[in-house]
Every structure is written in structure tokens, then in C-alpha cells.
Amino acid sequence: MWQFVIDIQRDVYLGFADHIKAFASGTGWNAFLGFLPMGIAFGAVHAMTPGHSKSILATYLAGSSLGMLKGLLVSLALSFTHVTMSVVIALFSLPLVSIMFGGTGAGSSPILESVSRGLLGVIGIWMLWSALFREPHSHDRQQGIIVGLSAGLIPCPLTLFVMTFAISRGVPEAGIMFAVVMMIGVALTLSGVALAAVFFRQQMVHMFETRPKLISRLTKGLQGASGAVLVLVAVHELWWR
């Protein structure tokens, strides 16, 4: 299945490369704009591959008390940050930033990855502390947005590749247009993950709604488990760095 997904990504990416070349030559405006919606499919498929903080998103929402709408906002914040970071890096001194970050692979940004996982670790510690020592309470939307922004700090390598290619051809606007439509696709996939996580938690709580003490323990248990997972992810990533 992954090979099929990879093949789709490659075909769409090569298609965009050809259309960006034509766009740069001034002869492919209509063709490029007509092909642009494929970026949505590209982003949705790309977000299905390993990475993109899907497990972190699902873990956090399963252990929080956020509803469907606020869960969607968290996934949108993650999607926006994930793609936008690549655009910012490409537009503002890509070579200098790459040297500063010291990445060993294409699209690698160890500093941003460490900052992202460090912030998630802090949030995980807070969730653990809340589960152990505080009364059950509702998470506010701001905390969820912070989780989304923190998890999305790691830039999207494929967006970075397209932006770099477009800039090298002298048409950064083409790369930005691609990034926007790709962001929509990424958001669709991550929103699906968010809704599934919230739905799972709500169904679990609904099963025990006649037993309030069990609900309280379940909520605190999920919150504590989510916090522990975030801390472990942060420690693992930072330790191996």
C-alpha cells in the first residue's frame, strides 16, 4: 500500500515540476492553474504516509476533553504550521537556514524537530501533573492550538522541495500556490484523524455515562497516558538527537 502511495506522490510531484517549468517560461499559466487542484490530492495522500504528527494528534485528542470542532482546530493549526514552515524556510535564506540547522538529509531541520518535541514534552508533563494532582477539568482551546502549532513545527520536506524548485525557476508564486492547495489536502487527512480520535473518546465515555466515578477515572487515565506518551516521544527524539 505504501508503495502505491509513494507512486502517486511521485507522479503528482513530477507533474507539478513540468507545469512549473512551463509556468516559468510564460506559456503554461492555464495548464498550471488547471493542474493546481491536484495539490489537494497530493497533500491528502502525502499526509497518510508515516510522520506528520498523526499519532501525537490522535494521542492528545484521545486524552483531552476537546469536542469535534476544537479537535478540528487543532488539526488545522498543525497542518498550517507544517506546510507554512517549509514556505518560510524556502523564502527566507534557505541555504543559510539549512547550514544553521545542520540537517543531514533533505528537508531535515533538527533544531525545529527538537523544539517541537521539547514543547510537546512540556505539554505532556503538564497533562501528567493534571491527571495526578488536579480535579477533572476541560482543556481550553488555547492549549489545543498550542499542541497543534508545536507538533507542526517540523517542516514538510515535499513542500520544501517544490518551493525550492519554483524559486530556482524564478516563480516563487507558483510554489506558494502549490503550498496552499497542498495544505488543504494535508488538513483533510489530519482532520479525519482528529475526528476519529475525538469520536473514539466520546464513544468510550458514552459507554460509561451512567457511572460518573468510572468516567472521571477514565478521563484522568486517558489524560495521564496521553501525557506520558508525549513525554516519552519528546525524550526519545531529544535523546537520539
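This is a predicted model: local features need pLDDT of at least 70, side-chain atom pairs count only at pLDDT 80 or more; totals for chains, interfaces and linings use all residues.
The largest nonpolar core has 44 residues. L61 is among those with the most contacts inside this core, along with F16, I20, F32, L57 and M182. Helix α10, residues 172-207, gives the most to the core, with eleven residues.

Now follow α10 to its partner, helix α5. Helix α5 spans residues 68-91. The axes of α5 and α10 come within 7 Å. They cross at roughly 150°. Angles over 145 degrees count as roughly antiparallel, so α5 and α10 are roughly antiparallel to each other. Their crossing is right-handed. What classes of residue make up the contact of α5 with α10? By class, the contact has 19 nonpolar and six polar residues.

Is S86 buried or exposed? Its relative accessibility is 0%. Buried means under 20%, so S86 counts as buried. Which residues does S86 touch, not counting those up to four places away in sequence? S86 touches P155, C156, T159 and L160.

Terms used
Residues are numbered from 1 along each chain as its sequence is written. Side-chain values use heavy atoms; hydrogens and water are left out. A nonpolar core is a set of buried Ala, Val, Leu, Ile, Met, Phe, Trp, Tyr and Cys residues joined through side-chain atoms within 4.5 Å. Buried means under 20% relative accessible area, exposed over 50%, partly exposed in between (1.4 Å probe, protein chains only). Helices (H or I, at least four residues) and strands (E, at least two) are DSSP runs, numbered from the N terminus. Axes are lines fitted to C-alpha atoms, for helices over the stretch in contact, and angles run from 0 to 180 degrees between N-to-C directions. Angles under 35 degrees count as roughly parallel, over 145 as roughly antiparallel, 65 to 115 as roughly perpendicular and the rest as oblique. A crossing is left-handed if the near helix is turned anticlockwise from the far one by less than a right angle, and right-handed if clockwise. Ala, Val, Leu, Ile, Met, Phe, Trp, Tyr, Cys and Pro count as nonpolar, Asp, Glu, Lys and Arg as charged, and the others, Gly among them, as polar. Contact means heavy atoms within 4.5 Å.
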